[in-house]
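Subject: Structure handover

Hello,

Here is the structure I promised you. Please open it first, then read my notes alongside it.

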Amino acid sequence: GIVQAVGSEVTNVRPGDEVVIHSGWWEPDDPWVLSGKDPMLATSTRIWGYQTNYGSYCQFAKAQAHQCQPRPTHLTWEQSGCYLLCASTAYRMLMGWPPHTVEPGDAVLVWGASGGLGAMALQITAALGGRPVAVISDDAKRDWCMEMGAVGVINRTAFDHWGPMPDTTDGAAYGAWAKGARAFGGAIWEALGERASPKIVFEHPGEATLPTSEFVCDTGGMIVICAGTTGYNVTLDLRYHWMRQKRFQGSHLSNDEQAAAVNRLVIDGRIDPCLSEVFDFDDLGHAHQLMHENRHAAGQMAVLVNATERGQGAS
């Protein structure tokens, strides 16, 4: 949007500036924030528009000054508004938890790769020199994922071992699950063209996929998760966790520096917003229903709020 007014202590933006907003919000007088530590770990942190009772579906939006990032002027308004929530979340997952950050040549497994979050993860990994392997459920999205930087694509519907891991004392059931997990690991090797396991597993489905994510993650690697779209209960074979010294890391949105870093990748043209569909404001409910039913096109969706027509704002 366009900055309409600023507070008396705001120095980083001024009225008339075109900005995009990242959704990290925290109390400015929070002792953790004032100490200079990562504000996303402060107890006062909220996701703007999700954990606050106001957001951006409005003519005027209220945000904290630190949330403002420069708008990429080569994008339309709807492109500008569609990417930063997913992009900043993905960037923190991939670059916010050292030493488990994407480095040149690293294999990264990306679940839900054709969705808004996965599309950002593919591009960020590729932009940083990594090798993303995309997991999808529809072969029609295979080529799209390759265009977004994937080195290979796996259709998870070719496997049937998903869901909570069977009890390890049930030899037959656990053996069947392990056979499926090994076959999935073999598909990762095939996608990479070598017997290499992912250093980072980019997770968000949760319950149905975490047992396999744990199994296929490389020794000393990290499973990083930001959601639980298939359920919130976790089952893992802990033997693979402690003996191969893997990390299971939760991640939530991003701080200012991480949002700025991924926004710079967009400004520089190294990441595409991946806008697939634009809806009028009256169709907002329909857009949410498509997302709920996983029937939306690959990439991001946008809703026009103040814009009267599509395609405005690009210079």
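Pro99 sits in the loop between helix 3 (84-95) and strand 5 (107-110). Helices (H or I, at least four residues) and strands (E, at least two) are DSSP runs, numbered from the N terminus. The peptide bond from Pro98 to Pro99 is cis, with omega near 5°.

This is a predicted model, where local features need pLDDT of at least 70, side-chain atom pairs count only at pLDDT 80 or more, and totals for chains, interfaces and linings use all residues. Residues are numbered from 1 along each chain as its sequence is written, and side-chain values use heavy atoms, with hydrogens and water left out.

Next, some backbone angles. Leu253 is not a glycine, yet its phi is positive, about 45°. Leu253 belongs to the loop between strand 10 (247-250) and helix 9 (256-267). Is Leu253 buried or exposed? Leu253 is buried, because its relative accessible area is 3%. Buried means under 20% relative accessible area, exposed over 50%, and partly exposed in between (1.4 Å probe, protein chains only).

Cys274 also goes on this list. Its phi is positive, near 60°, and Cys274 is a residue other than glycine. Look for Cys274 in the loop between helix 9 and strand 11. Cys274 has 5% relative accessibility, so Cys274 counts as buried.

Helix 9 itself holds Asn263. Asn263 has a relative accessible area of 1%, so Asn263 is buried. Which residues does Asn263 touch, not counting residues up to four places away in sequence? They are Val20, Gln69, Pro70, Pro72 and Tyr83. Contact means heavy atoms within 4.5 Å.

Now turn to helix 10 (residues 284-292). Its buried residues are Leu284, Ala287 and Leu290. Seen down the axis of helix 10, these buried residues fall within an arc of 120°, so they line one face of the helix. The arc is that of the directions from the helix axis to the C-beta atoms. Strand 11 (275-279) and strand 12 (300-303) are among what covers the buried residues. The face turned away from the buried side carries the exposed residues Gly285 and His292. After helix 10 comes Asn294, with a positive phi near 55°.

Helix 7 (residues 210-216) contains Ser213. Ser213 counts as buried because its relative accessibility is 0%. The side chains of Ser213 and Glu203 are joined by a polar contact of 2.6 Å. A polar contact is a pair of N or O atoms within 3.5 Å; within protein, one must be able to donate a hydrogen and the other to accept it, and residues adjacent in sequence count only if both atoms are side-chain atoms. Leaving out residues up to four places away in sequence, Ser213 touches Trp111, Val201, Glu203 and Ile223.

Last, two places with more open residues. Asn233 lies in the loop between strand 9 (222-225) and helix 8 (238-242). Asn233 is exposed, because its relative accessible area is 55%. From Asn233 to Lys62 is 171 residues in sequence and 36 Å in space, C-alpha to C-alpha.

Tyr57 is in the loop between strand 3 (46-47) and strand 4 (68-70). Tyr57 counts as partly exposed because its relative accessibility is 47%.

Best wishes
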